[in-house]
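Reader: I'd like to talk through a model with you before I set anything up. Could you take my questions one at a time?

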Amino acid sequence: SEVVEGDYVLFTYTDGAGVIPGIVEKFLENNTGVKAVVGSGNRDRHEATFNFAADKIAEKYGASIIAKVDDGGTDEELEDIKKALEAY
């Protein structure tokens, strides 16, 4: 039921085998201003569907993908994300 005023960058995980988590899907339905996505997933457990939620959100809502990280991401990936966020 949360509402975001304006544009935003979404950080999300991928549920199960490449599914957008239900709570994230509901959030997106209520908030159309998503401009970019940062996805996290577990490559070891879901290699074939790694970070599919980020891909699906980008396609469905016309958002760009800033990064797709494995679990919490590396220090280098997190720095790259911080730099990308400065552009927004």
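Reader: To start with, are Tyr8 and Phe27 buried or exposed?

Author: Both Tyr8 and Phe27 are buried, where buried means under 20% relative accessible area, exposed over 50% and partly exposed in between, with a 1.4 Å probe and protein chains only. Please keep in mind that this is a predicted model, in which local features need pLDDT of at least 70 and side-chain atom pairs count only at pLDDT 80 or more, while totals for chains, interfaces and linings use all residues. Residues are numbered from 1 along each chain as its sequence is written, and side-chain values use heavy atoms, with hydrogens and water left out.

Reader: How many aromatic pairs does the structure hold?

Author: It holds one aromatic pair, counting rings of Phe, Tyr and Trp (its six-membered ring) whose centres lie within 6.5 Å. Tyr8 and Phe27 form that pair, at 5.5 Å centre to centre with 75 degrees between the planes, and this is edge-to-face (over 60 degrees; under 30 counts as stacked and the rest as tilted). The pair links distant parts of the chain, with Tyr8 in strand β1 (residues 8-13) and Phe27 in helix α1 (residues 22-30), 19 residues apart. Helices (H or I, at least four residues) and strands (E, at least two) are DSSP runs, numbered from the N terminus.

Reader: Which residues of α1 are buried?

Author: In α1 the buried residues are Val24, Glu25, Phe27 and Leu28. Seen down the axis of α1, they fall within an arc of 160 degrees, taken from the directions from the helix axis to the C-beta atoms, so they line one face of the helix. The face turned away from that buried side carries the exposed residues Ile23, Lys26 and Glu29.

Reader: And what do the buried residues of α1 pack against?

Author: They pack against β1, β2 and α2, and contact here means heavy atoms within 4.5 Å.

Reader: Switching to the strands, how do β1 and β2 pair?

Author: β1 and β2 pair in the parallel sense over six bridges, pairing being assigned if DSSP finds at least two bridges between two strands. Phe11 stands opposite Val38 in β2. β2 and β3 also pair in the parallel sense over six bridges, and in β3 the bridge partner of Ala36 is Ser64.
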